Structure formats: C-alpha cells, structure tokens
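Subject: The structure, and what turned up in it

Hello,

Here is the structure I promised to pass on to you. Have a look at it first, and then read on for what I found.

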Amino acid sequence: MNIAIVEDEKTYSDTVKEYLLRFAEENATSFCVAVFDNAVKLLTNYSGKYDVILLDIKMPYIDGMDAAHRLRALDEKVILIFITSLAQYAVKGYEVNAFDYILKPITYGEFAMKFMRAYKKHKQKESSFITVPTERGIAKLDPENIAYCEVIGHNITFHTVGGDYKQYISLKAVEQKLSDFAFMRCNNCYLVNLRYCTELDGDMVTVKIGSRSHKLAISRNRRKDFTAALRDFPDGKRPRK
C-alpha cells in the first residue's frame, strides 16, 4: 500500500509513521509511506498513487478539510482518514466521503482498530483487480477503469481508460470476476460498464472512453434487461442479472 501522512506537527507525523510500521509488522505486510508537513506539497503534482491518506485538519496554508475537497476533485477513490483534535470538524467528513477519523492524542489501540478497517477495504478492492499479461510483465486493471470487454477470437480485449489489454480468458469468467460492479452484457461479445454508456439508440449503445466513442450492438434477447439496468444505474442500483 502507498500511504501519505499529511501533518504539520512532526511529533504526530512520527507517531503515525511508527504506528503504520508496527501495524505492517503485526499483519505481515509492508507499506510505502510518504510524509508531508502541509497539504500544498501533497496537492502539487498530485499523481493519485496513494491508497490511503491520513490527513490532519488544522494545518497552515490549506486546512485539511479544504485539502480534502481538492483531493476529491482529483481522486475519488483514495481512502481519506482525518487526524484531528477537533471532533466537531471530523464529523464533517461526510462532505468529502472520508472513511474515518482518529482523534488526538493518538493511541496505538485506536489507530490499529480504525486502520484495520481501511486495510481490509483496500484488500477487498485489490482482490477485484484483473491481472493481465503485457509485454512488460503484468498489468493490474481496476474494474472501474474498464469501459467494456470484447470477445475477439479466443481472447478478451479489455478497453480501458489507459488503453487496451488482451487476455486468454472466457467472457463468462470475466463476468463472474466483475459481478460486484456495474457491468452488463449487451450481447454475447460485449460486457459493458454502465458508467461509460452515454446514449441508447434502439439496438445500439454508445460507450465513451475519453474522447473516443464506440457504438455496440444490443442483441434482441438482452435488450430489455440491458435497458432496465441502464435506466436503474443512475439510482445506484446494481445491474439486473
């Protein structure tokens, strides 16, 4: 896991880092930890590589809540945990979809209990990644970045926001792997991520990846279910199987 600590008080940043290393040792894992003494340094050239950000609220230049709003504009997925001595600010975390908060002074018991929840959430997300072979080794595909999967010969091509990847696997196996996400077959050749669908026109659905639009055919026997799933999707419902 890549973890960022954003804390202007060195005593606390050192404590949090020490607790992270202790947690990692106790749970037979390892973390790559970066420490920032203000949020400006984190936000400058933010790359989105962090899995968890532990963020103090009272800081110079930009306070933690403002920084969290800016972070969410750049990264919807990172797990945010506030570190604060002010509980009344921590409860405002719902505005930025904060995962949790830890009150100062920090004790290892409370830290370990709350961080374990974040750790399990991250592991659960990691288990849903699809690994595909590439010329450079292995690529890990986040299901939320996959726009649609296409059967080509005996391979599946994953059309993603970062490019296309091929793997020798069945569409049924991919469908099972992605069952917890908003994917739906529109015919026997395509498994579509509903969040990337921009238009439904008769028996065709438009899937947009960046500036590229792809029109995919919807088979007659799947049209009713696919249309219903797409209609329900904005309400947060999972696709009907």
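The axes of helix 1 and helix 5 approach within 10 Å and cross at roughly 65°. Helix 1 passes helix 5 in a right-handed crossing. Please keep in mind throughout that this is a predicted model.

Which residues make up this meeting of helices? From helix 1 come Val16, Tyr19, Leu20, Arg22, Phe23 and Glu26, and they meet Tyr108, Phe111, Ala112, Phe115, Met116 and Tyr119 in helix 5.

**The chain as a whole**

To step back for a moment, the chain has seven helices and 15 strands. The C-alpha trace spans about 65 × 35 × 30 Å along its principal axes. There are 241 residues in the chain, and 45% of them count as buried. Among the contacts in the chain with a separation of 6 or more, 54% are between residues 24 or more positions apart.

In soluble globular proteins, nonpolar side chains tend to be buried together. Here, the largest nonpolar core has 23 residues, and Leu20, Phe31, Leu54, Phe111 and Phe115 are those with the most contacts inside it. The elements giving two or more residues to this core are strand 1 (2–6), helix 1 (10–26), strand 3 (52–56), strand 4 (79–84) and helix 5 (108–127). Helix 5 provides the largest share of the core, six residues.

Setting aside neighbours within four places in sequence, leucine 20 is in contact with Ile3, Ile5, Phe31, Val33, Leu54, Phe111 and Phe115. Apart from this core lies another, of 21 residues, including Val6, Phe36, Leu42 and Leu71.

**Salt bridges**

Side chains of opposite charge can pair when their charged atoms come close. How many salt bridges are there in this model? The count comes to 13.

In one of them, aspartate 14 pairs with lysine 10, with the closest N and O atoms 2.8 Å apart. These two residues are four apart in helix 1, so about one helical turn separates aspartate 14 from lysine 10. Lysine 10 is exposed, at a relative accessible area of 58%, while aspartate 14 is partly exposed at 39%.

In the other, arginine 22 and glutamate 26 meet through their side chains at 3.3 Å, N to O. Arginine 22 and glutamate 26 are also separated by about one helical turn, because they are four residues apart in helix 1. Arginine 22 is partly exposed, with a relative accessible area of 41%.

Another salt bridge joins the side chains of lysine 41 and aspartate 37, at 3.0 Å from N to O. Both ends are partly exposed: lysine 41 has 47% relative accessibility, and aspartate 37 has 38%. Finally, a network of salt bridges links Glu7, Glu9, Asp56 and Lys104.

**Strands further along**

Strands of a sheet pair through backbone hydrogen bonds, either parallel or antiparallel. Strand 9 (residues 155–160) and strand 10 (residues 163–167) run antiparallel and are joined by five bridges. A hairpin of two residues connects strand 9 to strand 10, and threonine 160 has glycine 163 in strand 10 as its bridge partner.

There is also an open sheet of three strands, in the order 13-14-15, with antiparallel pairing. Which strands stand at its edges? They are strand 13 (197–201) and strand 15 (212–217); each has a single partner strand, so one side of each is left without a neighbour in the sheet. On average, neighbouring strands of this sheet are turned by 20° against each other, direction ignored.

Strand 14 (residues 204–209) is joined to strand 15 by six bridges, and the two run antiparallel. Isoleucine 209 stands opposite arginine 212 in strand 15. Helix 7 (residues 220–232) lies across strand 13 and strand 14, and runs at about 135° to strand 13.

Definitions and conventions: Residues numbered from 1 in each chain as written. Predicted model: local features only at pLDDT ≥ 70, side-chain atom pairs only at ≥ 80, totals over all residues. Heavy atoms only, no water. Pairing = 2+ DSSP bridges. Axes fitted to C-alpha atoms, helices over the stretch in contact; angles between N-to-C directions. Contact = heavy atoms within 4.5 Å. Core = buried A, V, L, I, M, F, W, Y, C linked by side-chain atoms within 4.5 Å. Buried < 20%, exposed > 50% of the residue type's maximum accessible area, 1.4 Å probe, protein only. Salt bridge = Lys/Arg side-chain N within 4 Å of Asp/Glu carboxyl O. Left-handed = near helix turned anticlockwise from the far one by under 90°.
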